[in-house]
Amino acid sequence: MTIADLVSKVQQYEPSLDGAWLEHVYEVADRAHEGQRRASGEPYVAHPLAVADILADLEMDHATIAAALLHDVVEDTVLTNERVAELFGTEIAILVEGVTKLTSIPYQTKEDAQVENLRKMFLAMAKDIRVIIIKLADRLHNMRTLSSLPPAKQLSIAKETLEIYAPIAHRLGIWRIKWDLEDLALRYLDPDSYRDIADRVAKKRTEREDSVTHVISELVAQFATAGVIAEVTGRPKHFYSIHKKMVKGRDFSTIYDLTAVRVIVETVKDCYGALGVVHSLWKPLPG
């Protein structure tokens with residue numbers, strides 16, 4: 001991922017974006033982090049660029065993308081929030097300041113009630129919900145690069161991710177980030193279970209992908225006939241949801257929903273219409 005790639009991606013959904021402006025934001029971040037390196041050894045600026053890329057996948061607005069590029073400068077460099085405001089405006093400075101404040105909230109392993117309070121504090125502290133979304137993307141990239149840290153740190157961050165960040169992503173309905181956070185946390189908290197599920201799922205992957213493709217094409221055709229306007233997508237179930245069912249005593253062979261197909265329609269009426277089409281094609285399982 002380069003800044004040119006990021007500009008191109010953002011311009012696909014926000015064509016009015018001034019590419020030179022976003023490149024300037026990146027250059028300021030790059031200069032501010034000059035000489036700093038991640039635990040992996042790569043230049044530090046690779047991290048905010050990756051966070052901005054995650055947010056571009058969510059089609060976040062240009063101010064959020066810019067704040068993501070700058071989200072660590074106030075905490076980790078000589079650049080002040082006042083200077084960020086001078087360069088890029090109050091809106092972006094407020095977002096950067098919000099992320100910096102969230103980063104300073106202390107976390108240790110806590111009782112359930114205290115964990116819930118911590119989640120509430122996160123949501124209350126962010127005057128702008130975009131601050132939380134940047135923080136979630138920040139955590140996702142940190143989880144993707146967690147292998148560079150010592151084992152004790154890996155466990156601590158994975159536990160915090162599962163207890164604090166994944167539930168917040170769930171509340172905000174950002175499923176893609178929630179699933180990724182949960183799967184990555186499981187990989188470090190219970191590597192044996194993670195590998196076992198990964199191996200079992202992989203053996204059936206091609207068969208499942210073919211099945212989902214067939215189901216989607218059949219649904220699309222039947223919806224067209226029935227006059228139901230719908231968006232139909234399919235995905236393999238994420239490992240953590242399978243793990244939770246196995247922990248409850250379910251045998252892997254009895255977990256049928258290793259894939260999911262999602263149908264999104266415009267109205268409640270269409271929802272019932274879509275359900276009728278589904279039931280005409282496949283018999284519901286009792287219960």
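1. The largest nonpolar core has 62 residues, and Leu6 and Leu70 touch the most other members. A nonpolar core here is a set of buried Ala, Val, Leu, Ile, Met, Phe, Trp, Tyr and Cys residues joined through side-chain atoms within 4.5 Å. Buried means under 20% relative accessible area, exposed means over 50%, and partly exposed lies in between (1.4 Å probe, protein chains only). Helix α9, residues 129-144, gives the most to this core: eight residues. Helices are DSSP runs of H or I with at least four residues, numbered from the N terminus. In soluble globular proteins, nonpolar side chains tend to be buried together.

2. A word on the basis. This is a predicted model, in which local features need pLDDT of at least 70 and side-chain atom pairs count only at pLDDT 80 or more, while totals for chains, interfaces and linings use all residues. Residues are numbered from 1 along each chain as its sequence is written, and side-chain values use heavy atoms, with hydrogens and water left out.

3. Which residues does Leu70 contact, leaving aside its neighbours within four places in sequence? They are Val25, Val28, Ala29, Val84, Phe88, Ile92 and Val96. Contact means heavy atoms within 4.5 Å.

4. The whole structure holds twelve salt bridges. The criterion is a side-chain nitrogen of Lys or Arg within 4 Å of a carboxyl oxygen of Asp or Glu. Side chains of opposite charge can pair when their charged atoms come close.

5. One of these salt bridges joins the side chains of Glu91 and Arg130, at 2.9 Å from N to O. Glu91 lies in helix α7 (residues 90-103) and Arg130 in helix α9, so the pair ties together parts that are 39 residues apart in sequence. Glu91 is partly exposed at 42% relative accessible area. Arg130 is buried at 15%. Both residues belong to a network of salt bridges that also links Asp61 and Asp128.

6. Arg144 is partly exposed at 45% relative accessibility. Asp180 is partly exposed too, at 28%.

7. Arg195 and Asp192 form a salt bridge at 2.8 Å, N to O. Both lie in helix α12 (residues 191-203), three residues apart, about one turn of the helix. Arg195 is partly exposed at 47%. Asp192 counts as exposed at 55%.

8. How many aromatic pairs does the structure hold? There are two. Rings of Phe, Tyr and Trp (its six-membered ring) pair if their centres lie within 6.5 Å; planes under 30 degrees apart count as stacked, over 60 as edge-to-face and the rest as tilted. Trp21 and Phe88 are edge-to-face, at 6.3 Å centre to centre and 85° between the planes. Trp21 is in helix α2 (residues 19-32) and Phe88 in helix α6 (residues 81-88), 67 residues apart. Trp21 is partly exposed at 23%, whereas Phe88 is buried at 10%.

9. Tyr194 and Phe239 have ring centres 5.3 Å apart and planes at 65°, so this pair is edge-to-face. Tyr194 lies in helix α12 and Phe239 in helix α14 (residues 239-247), so the pair ties together parts that are 45 residues apart in sequence. Both residues are buried.

10. Arg38 lies over the face of Tyr44, 6.0 Å from the ring centre. The test asks for NZ of Lys or CZ of Arg within 6 Å of the ring centre and within 35 degrees of the ring normal.

Definitions and conventions. Helices (H or I, at least four residues) and strands (E, at least two) are DSSP runs, numbered from the N terminus.
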